[in-house]
Amino acid sequence: GVTSGTDLGSGVKQYQVVNQKKFYTRWKETLETHRPNGIQPRLEKDRGVTRRMLVIDAQVIRPDHDAGSLLKFHHLKLIQSLGYKLTFVADNMLHDGEYTRDLQRLGIECVYAPHYLSVHQFLKKHASEFGFVMLCRPYVAIRYLDLLRHIAPEACIIYDTVDLHYLRERRQAEVEKNPLMAERAERTREDELKLIRGSDATIVVSPVEQKILSVEAPDANVHVVQLVIPEEPQGPGFETRRDLLFIGSYQHPPNVEAVLYFAGEIMPLILPHIPDFKLRIIGAKPPAEIQALAGPHVEILGFQRELAPYFDSCRVMVAPLRFGAGIKGKLGTSFSFGLPVVATSIAAEGMYLEDGRDLLIGDTPRDFADAVIRLYTDPVLWQQLSEAGRRVVRERFAPEVIRRGLEEVIASTGKRHALRQVTN
């Protein structure tokens, strides 16, 4: 009140009361769409938003670290483009530096400690604000499905498997002949089937997994929505390239086993024919057993933020995975750069690929080694598969294709949700 005093009944200050009434009269229709002053400011700041989706995942997504994060990052951007305001909560409640800020720069609201101390605390206060909730990965989703059904019965729930975890664990148990892993796979199966049956829609990335679930959970609403893979600029040709490339996250057991399998059983079969190559291994946190492989024919490069120099200089990508599920981002990335691939059937599963047309497949050490030797030394075959990989990316993994898939998933939840409420 220094400039105009504090007396609302006289002087310039009295016009504050008069003009407030004029302002309200002029903007009455607009103000009727606003909440009362001070009521639910968290929602009022986005009063134009009509569709809200909450996404709960294990941790803040790091798209430059693993294929699951890259998949989720692109999916979130596409869901935004469908008109949804997104709120992201990591199960560990951490603010992950630039990775959290990258989401916020896109306009995605991020929830983290100390503002809330747990996902449960946030849900109990705000779950009813969301028309849709996407739960990711079974070991995260299983903690929140029943709670959401209780406190937010109007919300449509989408379960994103990322990959079918029990299928991957079953395959790992078979390769390792590990009965404890087999038991774990069956416990995971129980959780995943509960989530799939209890959600209004389920996302898998592979038609193979959709087919399995058509038997395991025939009444479930399961959709295939795959990776977004942008096509990269054309790199150098065959003659200027050398070496083999493997890329993966080494917190993911199939990648660790694949590198050890290649080094131990496949590489010795290649060396007599191509004695001067190196296997260049990219990926964060390689364990001691992988680091121990470093030598004349193995280079451990660790995490690399810029991948193009490696995809543009190596001659062949190898994907010797012997267990896993979903689809493999390493193949998609390699195709996007036009770098031809030799893979196992497990690695190529679910991507609509054909041996000899899109890539080469080898499921024994001898067959895999022969495929690598053939591709590494045949410039005509190399060029054919380089072009084929780019064609796969354009036809199967373009953003508009995946966007339509996500739109269909969301649209399908309404009927399913209504039926669930009638049944309950």
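Modeller: Let's start with a rule: two strands pair if DSSP finds at least two bridges between them. Keep in mind that this is a predicted model.

Biologist: What makes S9 and S10 a pair, then?

Modeller: Four bridges join S9, residues 279-282, to S10. The rule asks for at least two, so S9 and S10 count as paired, and they run parallel. In one of these contacts, Ile 282 has Gly 302 of S10 as its bridge partner.

Biologist: Which strands form the open sheet, and in what order?

Modeller: Six of them, in the order S10-S9-S8-S11-S12-S13, with parallel pairing. S10 (298-302) and S13 (360-361) each have a single partner strand, so one side of each has no neighbour in the sheet.

Biologist: On to cysteines. How do you know that Cys 156 is too far from the closest cysteine sulfur for a bond?

Modeller: A disulfide needs two cysteine sulfur atoms within 2.5 Å. The closest cysteine sulfur to that of Cys 156 belongs to Cys 136, and it is 16 Å away, so a bond is ruled out. By this rule, the structure has zero disulfides.

Biologist: What makes Arg 357 and Asp 358 a salt bridge?

Modeller: The cut-off is a side-chain nitrogen of Lys or Arg within 4 Å of a carboxyl oxygen of Asp or Glu. Their closest N and O atoms are 2.7 Å apart, so the pair qualifies. Arg 357 is partly exposed at 39%, while Asp 358 is buried at 2%.

Biologist: How do you know that Asp 243 and Arg 242 meet in a salt bridge?

Modeller: The N to O distance is 3.7 Å, and the limit is 4 Å, so this one passes too. Asp 243 is buried at 7%, whereas Arg 242 is partly exposed at 42%.

Biologist: Where do Asp 370 and Arg 366 lie?

Modeller: Both are in helix H17 (residues 365-377), four residues apart, which is about one turn of the helix.

Terms used:
Residues numbered from 1 in each chain as written. Predicted model: local features only at pLDDT ≥ 70, side-chain atom pairs only at ≥ 80, totals over all residues. Heavy atoms only, no water. Helix = DSSP H or I, 4+ residues; strand = E, 2+ residues; numbered from the N terminus. Buried < 20%, exposed > 50% of the residue type's maximum accessible area, 1.4 Å probe, protein only.
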